[in-house]
Amino acid sequence: MANDKTKKKAADLSDSIKAGYKAATEEHGKFLASTPCAELLQLIAERVTAADESGQPLNVEDLLKAEGIKNPQKVQRCSKFIELIQAVTKDSGHPLAVVNGRICYYNGIYWEYVNNLDFGYFLTRAALLLGVDRYNAIYCDFVNNAAKSFEIACRADIVPRAAANLLNCKNGTVEIHADGTAELRGHSWRDGL
């Protein structure tokens, strides 16, 4: 009798764990990254599709092979991955870069902070889109190394403007000069606002 109760408790516990795992997996699948990361993932997906249609795939493994690297090490794969992210985002006019020591995304008007959790999610999903094999893409060491490499290699190229003060507005950036004159011009990620 006690043995049957123990088996039932064990079966109930097993069912509970399975149900919890299923629920957690479903919830993780529903997780949406912050707007910057979601926009960048969409941009990368579009670039990958366009590259595939043109016959020149945008794929980390293919690019490493094209460079003559037959059995890439993790560091080579990680470096190529960061190069691709930097190139794709910068070419789009919406770079992802380190600004004032923080990972930021330029949304077309200003630099927007990306938190570490969202950045890790972005790196994992971007790695999968850019052809990094699934094991490496979700492996914590790969994501951590990619994040560290990104922080070192992807500093924003901000141009300091000593002669003018800048005021960012929705319709453009007001540049106020030392002589008191001002002009409205287009937004630029190089302003660092």
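Which residues is T173 in contact with, leaving aside its neighbours within four places in sequence? Contact here means heavy atoms within 4.5 Å, and on that rule T173 is in contact with L166, L167, N168, E183, L184, R185, G186, H187, D191 and L193. T173 has its place in strand 5, and it is buried, with a relative accessible area of 1%. Buried means under 20% relative accessible area, exposed means over 50%, and partly exposed is what falls in between, using a 1.4 Å probe and protein chains only.

A word on the ground rules before going on. The model is predicted, with local features needing pLDDT of at least 70 and side-chain atom pairs counting only at pLDDT 80 or more, while totals for chains, interfaces and linings use all residues. Residues are numbered from 1 along each chain as its sequence is written, and side-chain values use heavy atoms, with hydrogens and water left out.

Now for the overall layout. The protein has seven helices and six strands, taken as DSSP runs numbered from the N terminus (helices are H or I, at least four residues; strands are E, at least two). Read from the N terminus, the elements go α-α-α-α-β-β-β-α-α-α-β-β-β. Of the 193 residues, 34% count as buried. The accessible surface comes to about 12,000 Å², and 54% of that belongs to carbon and sulfur atoms; these areas come from the Shrake-Rupley method with a 1.4 Å probe, and for residues only the protein chains shown count as cover. Among contacts with a separation of 6 or more, 55% are accounted for by residues 24 or more positions apart.

Two strands count as paired if DSSP finds at least two bridges between them. Strand 4 (residues 164-169) and strand 5 (residues 172-177) pair over six bridges in the antiparallel sense, and they form a hairpin with two residues between them.

Strand 1 and strand 2 pair over four bridges in the antiparallel sense, and V99 has R102 in strand 2 as its bridge partner.

What about the inside? In soluble globular proteins, nonpolar side chains tend to be buried together. A nonpolar core is taken as a set of buried Ala, Val, Leu, Ile, Met, Phe, Trp, Tyr and Cys residues joined through side-chain atoms within 4.5 Å. The largest one has 37 residues, and those with the most contacts inside it are F81, L96 and F122. Two or more residues each come from helix 2 (35-54), helix 3 (60-66), helix 4 (74-92), strand 1 (96-99), strand 2 (102-106), helix 5 (116-129) and helix 7 (140-153). Helix 2 gives the largest share, seven residues. Not counting residues up to four places away in sequence, F122 touches C37, L40, L41, I44, I85 and L96. Apart from this core lies another, of seven residues, among them V99, Y106, A156 and W189.

L130 sits in the loop between helix 5 and helix 6 (134-138), and it is buried, with a relative accessible area of 0%. Leaving out residues up to four places away in sequence, L130 touches I44, V48, L58, N59, V60, F81, L84 and I85. The C-alpha atoms of L130 and D62 are separated by 9.9 Å, although these residues are 68 apart along the chain.

C104 is buried, at 8% relative accessible area, whereas C169 is partly exposed, at 26%. With a disulfide taken as a pair of cysteine sulfur atoms within 2.5 Å, the count comes to zero.
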